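Please examine the sequence and the fold together before reading on. The paragraphs below move from a single residue to the chain as a whole.

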Amino acid sequence: MKIAICDDNQAEAGYLSELLKNWAQERDRSIRTELFTCAEEFLFHYAEDKTFDLLLLDIEMGEMDGVTMARHIRRDNKAVQIVFITGYSDYIADGYDVAALHYLMKPVSHEKLFAVLDRAAEKMAHNERCLNLLLSGEMVRIPLREIRYLNVHQNYVTVHSKQEHTVKRALSEFEGMLDERFFRVGRAMIVNLEYIGRVTKTEVHLLDGTILPLPRGAYELLNRAIINYT
């Protein structure tokens with residue numbers, strides 16, 4: 001779960017970040033948290049990276065408040081889950097039009113935040129991102145978390161998940177359909193970084209025992225991608 005905290009109070013943002021780490025440890029979940037000090041800073045980053053699953057937004061911020069920021073996001077993103085954090089109950093009615101998952105009153109207790117995070121995780125499980133493939137006139141939806149890698153042979157791409165699916169398409173077409181956990185390795189392969197167990201100078205060893213050839217010059221780039229992702 002990729003989470004953004006947007007709060008102009010550094011101490012409160014740090015406190016929320018610690019609670020998120022505690023929740024992830026208790027639930028045995030993987031999270032990535034990024035902190036932003038104002039709405040403008042987040043929106044600048046969001047213009048290049050729209051892969052967040054959950055936003056924890058302080059309502060009372062500087063020039064742009066959290067509700068106005070959420071309205072900007074909702075113009076092109078109906079999926080991301082939004083939780084408002086406020087010290088005043090008067091603001092709650094302002095955010096109905098952005099379909100907020102919940103409102104949390106300051107000071108935020110770990111019990112209430114954990115309950116909201118549980119709801120967000122459950123909702124993600126029902127609405128997780130999928131790769132849609134048209135095969136023999138039938139639409140097949142493959143959850144991204146199940147895809148280990150994709151490789152191309154001649155003009156055909158094979159998606160390796162619980163089953164193998166082969167389609168006549170260019171590998172480059174799939175890059176925009178995937179998220180940050182996937183990395184293009186050379187001209188012929190895209191690999192899910194979460195499935196990599198070990199990388200040598202010539203091979204990529206996946207956790208399921210699959211061994212993939214590593215193109216010349218890709219070793220350093222792949223290792224850097226793994227470090228940046230984790």
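In which strand is Thr158 found? Thr158 is found in strand E9, residues 156-160, where helices (H or I, at least four residues) and strands (E, at least two) are DSSP runs numbered from the N terminus. The model is a predicted one, in which local features need pLDDT of at least 70 and side-chain atom pairs count only at pLDDT 80 or more, while totals for chains, interfaces and linings use all residues. Residues are numbered from 1 along each chain as its sequence is written, and side-chain values use heavy atoms, with hydrogens and water left out.

Thr158 counts as buried because its relative accessibility is 13%; buried means under 20% relative accessible area, exposed over 50%, and partly exposed in between, with a 1.4 Å probe and protein chains only. Its side chain is joined to that of Thr166 by a polar contact of 2.9 Å. Such a contact is a pair of N or O atoms within 3.5 Å; within protein, one must be able to donate a hydrogen and the other to accept it, and residues adjacent in sequence count only if both atoms are side-chain atoms. When residues up to four places away in sequence are not counted, Thr158 touches Tyr149, Leu150, Asn151, Glu164, His165 and Thr166, contact being defined by heavy atoms within 4.5 Å.

Gln154 lies in the loop between strand E8 (149-153) and E9. Although not a glycine, Gln154 has a positive phi of about 55°. With a relative accessibility of 67%, Gln154 counts as exposed. Asp28, in the loop between H1 and E2, likewise has a positive phi, near 55°, and is a residue other than glycine. Asp28 is exposed, its relative accessible area being 70%. A further backbone feature is the cis peptide bond from Lys106 to Pro107, with omega near -10°; Pro107 is found in the loop between E5 and H4. Most residues other than glycine have a negative phi, and most peptide bonds are trans.

In soluble globular proteins, nonpolar side chains tend to be buried together.

Helix H4 has 17 residues and reaches 24 Å from its first C-alpha to its last, close to the 24 Å expected at 1.5 Å a residue, the expected span being 1.5 Å times one less than the number of residues. Its buried residues are Leu113, Phe114, Val116, Leu117, Ala120 and Ala121. Why do they lie on the same side of H4? They cover an arc of only 160° around the axis, the arc being that of the directions from the helix axis to the C-beta atoms. These buried residues pack against H1, E3, E4 and strand E5 (102-105). The face turned away from the buried side carries the exposed residues Lys112, Glu122, Ala125 and His126.

Within helix H4, Ala120 is buried, with a relative accessible area of 0%. Leaving out residues up to four places away in sequence, Ala120 touches Met1, Leu54, Gln81 and Leu101. Ala120 and Met1 are 119 residues apart in sequence and 9.3 Å apart in space, C-alpha to C-alpha.

Helix H2 (residues 39-46) has the buried residues Ala39, Phe42 and Tyr46. An arc of only 65° around the axis puts them on the same side of H2. Their cover includes E1, strand E2 (32-36), E3 and helix H3 (66-74).

Taken as a whole, the chain contains 6 helices and 15 strands. Buried residues make up 43% of its 230 residues. Its C-alpha atoms fill a box of roughly 60 × 40 × 30 Å along the principal axes. Among contacts between residues at least 6 apart in sequence, 50% join residues at least 24 apart.
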